[in-house]
Amino acid sequence: MLSNLIILPMLLPFLCALILIFLKNQNRLSKYLYLGTMAVTTLISLGLLIYVMQHKPITLDFGGWKAPFGIQFLGDSLSLLMVTTASFVITLIMAYGFGRSENKANRYHLPSFILFLSVGVIGSFLTSDLFNLYVMFEIMLLASFVLVTLGQSVEQLRAAIIYVVLNIIGSWLFLLGIGLLYKTVGSLNFSHIAMRLNDMQDNQTVTMISLIFLVAFSAKASLVIFMWLPKAYAVLNTELAALFAALMTKVGAYALIRFFTLMFDEHTNITHPLLVVMSCVTMVIGAFGVIAYKDIKKIAAYQVILSIGFIILGLGTNTFSGINGAIFYLVNDIVVKTLLFFIIGSLVYISGYRQFQYLSGLAKKEPFFGVAFVIMIFAIGGVPPFSGFPGKLLIFQGALQNENYIGLTLMIITSLIAMFSLFRILFYMYFGDKDGEEVEFKKIPVQRKSILGVLVAVVIFMGVAAPVILNVTTNATQLNTNDHLYHQLINSHLEEEDQ
């Protein structure tokens, strides 16, 4: 049965993580195993996405218990697009290698914890059950807590305290929202919740619950509640920083998109204007951060915050174009932020410094980094024909349609600031002042350059082949904004029972 294949993107990394625990002294075998597992997971996810686009969404009801009584997993265009993209970048991140050497990484079970985190991320995208989403979030967060503290440095432990505390508060709010929502509608299934909320009139309790979820997911996505992100990302190794930047905030952004298009979409006079305001505040925070620091890892961290503002602005417009753009830009940002942190991490490795003034002359010695850096800047800035352009254009259209002129203006200004902050680094790489300490640049392994090359090619491809991806994101937007269509394709029996 095809529906059973939905479990494989979660099951394969989980089984691989368990097996790797017993292979900590078998470095080569371990590497073949986890890279093969994630590559197969990516191909399975892509195959399921192609099938869903040609036919209809796939559901899996565990134990044969149909919704709303059983736990349901859903493979629709939105969830499978996210799973495919996430699996792909996780494969590249693990292929990139570990800064602490393969022996030490395996001894600390680093690949296993990355795979456990992958299970939580992929499960969050695929689940169609509210409490199961909470469980997947906790699996992801527990693995991330270990990864943040694995280096055992004082700086990491300090960053971990803020990271853990804010995420635990977010989890408490999430659990509170689940309890209140279940008490109000008597169901945990996304589709069933949406049906029952649609039948309610203007209800202050529902509005309060939606605000609780808004704050809970904002803490996960670094929407306004950003304090944990810069310090945590700045202390991580290159591969872990890329992993966190690509996935951790994106799960929160995905949850906001799913909840506020499918479930909390009837009474939008409070929630969606608030989303726009929060996105504007987040863009301003990100813009100040990328300008204020000379530490290139912190500049990269604030770039993550800035991009979340763009995504949520699209969602907050509550227009088809804006939501479509938010989904496209979310997928794009997973790839682009992986490339950003790989490049930044490589620059730190080559120079031995985190301040950009020590990169003087690097681009002339390593022209590849100059080219990759320019392409990445254009993708982040939304310059055509690179991957950031279609998403930003659609968000732009959505903001115009909803007359969110302040948000639109901030998006344009902060996009230019984001590009300027990175061009400033590029300028030092080419023409920087050679006064002061001379830096002897190291050579970066060819394998890592190759992975950077793959990501640069993907960024270009996503821009050139944007119509293909837009076909998927348009389908995802249509499904999640059209309640009747969603219910008919996912759980038609629930509509018949409620009538």
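Modeller: Glycine 325 sits in helix 14, residues 320-351. Helices here are DSSP runs (H or I, at least four residues), numbered from the N terminus. This is a predicted model: local features need pLDDT of at least 70, side-chain atom pairs count only at pLDDT 80 or more, and totals for chains, interfaces and linings use all residues. Residues are numbered from 1 along each chain as its sequence is written, and side-chain values use heavy atoms, with hydrogens and water left out.

Glycine 325 counts as buried because its relative accessibility is 0%. Buried means under 20% relative accessible area, exposed over 50%, partly exposed in between (1.4 Å probe, protein chains only). Leaving aside neighbours within four places in sequence, glycine 325 is in contact with Gly391, Leu394 and Ile395. Contact means heavy atoms within 4.5 Å. Serine 87 is 238 residues from glycine 325 in sequence, and their C-alpha atoms are 22 Å apart.

Helix 3 (residues 77-96) and helix 5 (residues 110-126) pack at about 170 degrees, with axes 9 Å apart. So helix 3 is roughly antiparallel to helix 5. Axes are lines fitted to C-alpha atoms, for helices over the stretch in contact, and angles run from 0 to 180 degrees between N-to-C directions. Under 35 degrees is roughly parallel, over 145 roughly antiparallel, 65 to 115 roughly perpendicular, and the rest oblique. The residues of this contact between helix 3 and helix 5 divide into 13 nonpolar, 3 polar and no charged. Ala, Val, Leu, Ile, Met, Phe, Trp, Tyr, Cys and Pro count as nonpolar, Asp, Glu, Lys and Arg as charged, and the others, Gly among them, as polar.

Now the core. The largest nonpolar core has 174 residues. Such a core is a set of buried Ala, Val, Leu, Ile, Met, Phe, Trp, Tyr and Cys residues joined through side-chain atoms within 4.5 Å. Tyr233 and Phe373 have the most contacts inside it. Not counting residues up to four places away in sequence, Phe373 touches Ile343, Ile344, Leu347, Leu422, Ile425, Leu426 and Met429.

Alanine 159 counts as buried because its relative accessibility is 3%. Beyond four places in sequence, alanine 159 is in contact with Lys231, Ala232 and Val235.

Methods: Helix = DSSP H or I, 4+ residues; strand = E, 2+ residues; numbered from the N terminus.
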